[in-house]
Amino acid sequence: MATPDATEFLADDFADPLVGRIVGFLRSIGISVEDSAMEGETFLPGIAVVNGGLRVDPSRLAWPGDLLHEAGHVACGDPARRDEEVSDDPGEEMAALAWSFAAATYLGLDPSVPFHEGGYRGGGASLAEIFSRGGYVGTPMLAMWGLTHEPHRAKATGAPAYPHMLAWRRT
């Protein structure tokens with residue numbers, strides 16, 4: 001799977017080009033993203049998971065990479081519960097981490113975009129390093145759902161390995 005160029009995915013309803021690129025990608029894989037002013041607190045600044053998609057308030061969005069992580073929850077969540085809130089299932093959380101790294105890799109983004117200094121209770125840089133060195137936390141869940149091949153299994157069959165994705169959404 002070739003990395004798309006910077007203009008392949010571009011949602012022009014967002015002023016920030018990085019946000020527009022991420023949103024364009026998410027929309028292209030079937031995750032709805034709505035630009036909407038929001039009041040009150042959200043789990044991550046400026047983002048809410050609503051009805052199986054994302055609602056984004058660009059004026060409150062602190063880290064564009066958070067879009068990838070929340071989209072990872074939508075993509076990896078149990079399809080029977082996709083329209084509900086984000087699950088607190090640890091397996092789905094780990095899968096969302098792996099999914100966001102795969103999406104960032106596909107888009108040609110640095111791992112620090114999804115794993116930024118302001119996230120993961122200060123552990124974003126550690127996660128970026130772990131994933132960059134091939135420590136793919138959450139990949140077994142993605143493989144179990146048919147979204148990717150774990151590296152050790154892919155090598156035996158000659159199939160492309162994670163972070164290559166076979167599909168972007170759990171069905």
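**Aromatic pairs and the core**

Tyrosine 106 has a relative accessible area of 17%, so this residue is buried (under 20% relative accessible area, with exposed over 50% and partly exposed in between, using a 1.4 Å probe and protein chains only). The model is predicted, so local features need pLDDT of at least 70, side-chain atom pairs count only at pLDDT 80 or more, and totals for chains, interfaces and linings use all residues. Residues are numbered from 1 along each chain as its sequence is written, and side-chain values use heavy atoms, leaving out hydrogens and water.

Let's look at the rings. There are 14 aromatic pairs in the structure (rings of Phe, Tyr and Trp, the last by its six-membered ring, with centres within 6.5 Å; planes under 30 degrees apart are stacked, over 60 edge-to-face, the rest tilted). One of them joins phenylalanine 25 and tyrosine 106, tilted at 45° between the planes and 5.7 Å centre to centre. Phenylalanine 25 sits in helix 1 and tyrosine 106 in helix 3, so their pair ties together parts 81 residues apart in sequence (helices are DSSP runs of H or I, at least four residues, and strands are runs of E, at least two, numbered from the N terminus). Phenylalanine 25 is buried too, at 1% relative accessibility.

Now for the core. Phe25 turns up again here, among the residues that touch the most other members of the 44-residue largest nonpolar core (buried Ala, Val, Leu, Ile, Met, Phe, Trp, Tyr and Cys residues joined through side-chain atoms within 4.5 Å). Helix 3 gives the largest share of this core, nine residues.
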